[in-house]
Structures are given as structure tokens and as C-alpha cells.
Amino acid sequence: MADIKKIGILTGGGDCPGLNAVIRAVVFKAIDNGWEVAGVKYGWKGMLNADTVPLTKKDVEGILPLGGTILKTSRTNPFKVEGGAEKVIENAKKMGIDCLVAVGGEDTLGVANKLTKMGFACVGVPKTIDNDLGATDYTFGYQTAVQIASDAMDRLHTTAKSHDRVIVCEVMGRHAGWMTTDAGMSASAHWIFIPEVKGSVDECCKMLKARYERGDRYGIIAVSEGALFSDFDVEAASRETDAFGHVKLGGVAKALAKEIEKRTGLETREVVLGHTQRGGSPLAYDRVLGTRLGYKAVEMIEKGQFAMMASLRGEKVEAVPIEEAVKELKTVPEGYYKVSKTFFN
Ligand code: F6P
């Protein structure tokens with residue numbers, strides 16, 4: 001086993017159901033190995049500020065059902081701060097942190113990968129409700145977020161039906177349509193717009209009119225926050241970017257609802273699910289996946305498998321290079337989306 005005395009763990013990027021399951025698993029397994037665990041506060045920001053708390057089994061008691069992250073999080077990128085990466089490494093040495101478990105999406109893991117190359121050993125755990133990381137079948141948090149979106153759309157059905165309305169539901173996921181496709185399919189949305197396939201608003205409007213004419217006088221439209229269209233120019237409500245250069249999306253449902261109402265004359269409202277999809281207690285699936293991935297991360301440290309990420313491959317949890325996970329976004333294949341189109345009716 002690698003010669004380790006203390007490890008650190010941080011959670012970076014957007015919070016996500018199941019983060020606490022990973023933290024708990026890492027703490028339990030590391031302590032069983034005789035290691036100390038430093039909980040780094042606010043993601044990479046905590047490494048820049050040497051802001052850590054010691055974590056014992058007692059500290060992680062009862063956190064499994066909790067949403068969010070007991071360590072807090074931020075979108076801080078140490079490579080965007082002058083001398084930031086060097087500061088992280090210097091602080092790790094000062095605090096006696098031999099290596100670090102970075103729990104996050106492509107941004108957090110990308111930083112972990114670069115820092116490992118610079119000499120600070122890191123391993124990764126894939127987190128994101130967007131499910132857009134490569135080299136893993138699923139990221140933890142995804143199933144919970146899809147369930148939340150699906151439940152919300154189920155509720156919208158009854159309201160839309162009672163009022164003879166069209167309701168456009170905006171789903172998170174950035175430039176990947178996994179959540180919108182799965183939640184839309186699960187909640188029998190009548191049309192699904194995603195970023196991967198440019199959708200036609202005209203076709204959607206024709207379908208809605210046909211529904212109303214045959215007496216099904218309501219419609220549920222699921223739209224990804226980053227959806228693209230073949231015949232509608234949607235201006236994102238915001239062009240602000242975060243420290244990793246990602247545009248802050250939001251506003252497509254409002255624009256689309258207005259456009260549908262204009263083209264069809266049908267009363268159309270919008271609902272933005274937003275951060276409700278990241279909040280609350282994780283499903284059992286994500287608690288278990290988070291636990292397995294956290295356990296594996298510690299095993300990877302034991303074996304000195306740095307710059308690697310714990311990954312779900314079929315039923316197995318394996319170590320894969322972080323490089324492979326972050327090299328390109330995992331988006332919805334056309335064939336997958338095609339299944340949902342059967343029900344655009
Ligand atoms: O990556 C997760 C995610 O929830 C995306 O789906 C969304 O676009 C983004 O984070 C929102 O980030 P923030 O909470 O910083 O606005």
C-alpha cells in the first residue's frame with residue numbers, strides 16, 4: 001500500500017445529490033486504513049485558502065440522506081488565479097495532505113488531472129446531474145435529478161390538462177440533453193428539445209394543433225436549457241460565464257413558450273425547474289453509486305493510481321484515466337433520442 005498519512009477530499013462545481021455519500025465512504029475507508037482525512041471547504045477555493053476541517057467517522061454520521069455537500073462547494077479554478085496551482089501544492093505540503101480525492105465534473109477533474117502532472121497526486125470521482133462526463137456509464141446525482149424533473153412534469157400534466165394549456169418545462173443539463181430526454185420520456189412529454197439534435201418548432205406546433213383538434217387539449221414540452229432549433233433563433237437570457245468559461249444558461253422556456261403561443265394561438269406557459277433538480281435527498285441509487293465510487297477512490301490511492309477516476313462500467317466500478325473522462329462531452333446519441341420521438345404525439 002502507498003505510504004499515506006493524510007488525504008484530502010473536496011467537492012467542486014455545482015452541488016449534486018450523492019456528494020455526501022462519497023464523502024462518507026472516503027472517510028470510512030481511509031480511517032480504516034489508518035489515514036487521517038482533511039475535508040477541504042468550498043472546492044479548490046479551500047485548497048487556495050488552506051481551509052480544511054478534520055473528518056472522522058463521527059462527522060459523517062447520518063449524512064447519507066442529505067442533499068448538497070457538507071464540505072460546501074465553489075466553481076473556483078486555481079488555474080485562473082495567478083500562482084493558484086502552485087499555491088494549492090504549497091498548501092497541500094504545509095497541511096501534510098499526501099493526496100486528494102476531487103469529487104466533481106469535467107472542470108474539477110480537469111484541475112485534478114493538471115495538478116497531478118505538476119506533482120500533487122489526485123484521484124477523481126465523477127459527479128454531475130448532467131451525466132455528460134465521458135468514460136463512465138453514469139455520474140452519481142443524475143438519477144435523482146431525472147426523477148425530480150420527471151415528477152415535476154407529471155404534475156404539470158394535470159394542470160395543463162385542467163386548463164387546456166401548453167406548458168414548456170425547462171430542464172438543466174448544459175450542452176447535454178440526457179436529463180431532458182430521460183425525464184421527458186419518463187413523464188410522456190409530447191415533444192422534447194435537446195442540444196444534440198436541432199428541433200423544429202414548426203413541427204412541434206403542428207403536433208400541438210393536431211392534439212387540440214382531436215380533443216387532447218393540452219401539451220407538455222420538455223426543453224433543455226441549452227436546446228438548439230432548426231427554425232427558431234433563441235437568445236440565451238444571459239451571456240455571463242463562470243471561471244471555467246461556461247455560459248450561464250437559462251431563459252429558453254420563456255422564449256419558446258412565447259413562440260409557440262404566437263405560432264399556434266394556444267395558451268402557453270413556462271416552468272423552469274432550475275436548481276430544484278440539484279436539491280434534496282439522493283435516491284437510493286445515487287447513495288449506493290456515490291458510496292461505491294468513494295470506496296474505489298480510496299482503493300485507487302492505496303494502489304497509487306493517480307490522475308485516475310473511479311468509473312461505473314456496466315456493473316463494475318473501475319479506475320480510468322481522468323484524461324479520458326474530460327476529453328469530450330458525453331452527449332445523447334441520435335439513436336437514443338429517436339426512441340423518445342415515437343411519442344411526440
Ligand atoms: O452542471 C450542473 C448544472 O446544474 C448545469 O445543469 C447548469 O447549467 C449549471 O450547473 C448551473 O450552474 P449554477 O448553479 O452555477 O448556476
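Predicted model: local features only at pLDDT ≥ 70, side-chain atom pairs only at ≥ 80, totals over all residues.

Next I checked Asp 130, where a side-chain N or O atom is 2.7 Å from a ligand oxygen. For Gly 173 I looked at the backbone instead, and found an N or O atom 3.0 Å from an oxygen atom of the ligand.

I then asked how much of the ligand the protein covers. On its own the ligand has 400 Å² of accessible area, and the protein covers 80% of that.

Entry two: the surroundings. I listed the residues around the ligand: Arg 75, Ile 129, Asp 130, Met 172, Gly 173, Arg 174, Glu 225, His 275 and Arg 278. Sorting this shell by class gave me five charged, two polar and two nonpolar residues. I also noted that the ligand takes up the space of the largest pocket.

Entry three: the domains. I looked up the domain assignment, which gives domain 1 (6-140 + 282-326) and domain 2 (143-278). Their contact takes 20 residues from domain 1 and 16 residues from domain 2. I found their C-alpha centres 33 Å apart.

Last, I wondered where the ligand lies relative to the two domains. Domain 1 and domain 2 both give residues to its shell, so the ligand lies between them.

Terms used: Residues numbered from 1 in each chain as written. Heavy atoms only, no water. Near = heavy atom within 4 Å. Polar contact = N/O pair within 3.5 Å; in protein donor to acceptor, adjacent residues only side chain to side chain. Areas by Shrake-Rupley, 256 points an atom, 1.4 Å probe, with all protein chains shown as cover. 1 Å grid on protein atoms, 1.4 Å probe; cavity = no way out; pocket = protein on both sides within 12 Å on 5 of 7 lines; lining within 4 Å. Sits in = over half its atoms within 2 Å of the grid points. Nonpolar A, V, L, I, M, F, W, Y, C, P; charged D, E, K, R; others polar. Domains from an automatic or database assignment. Contact = heavy atoms within 4.5 Å.
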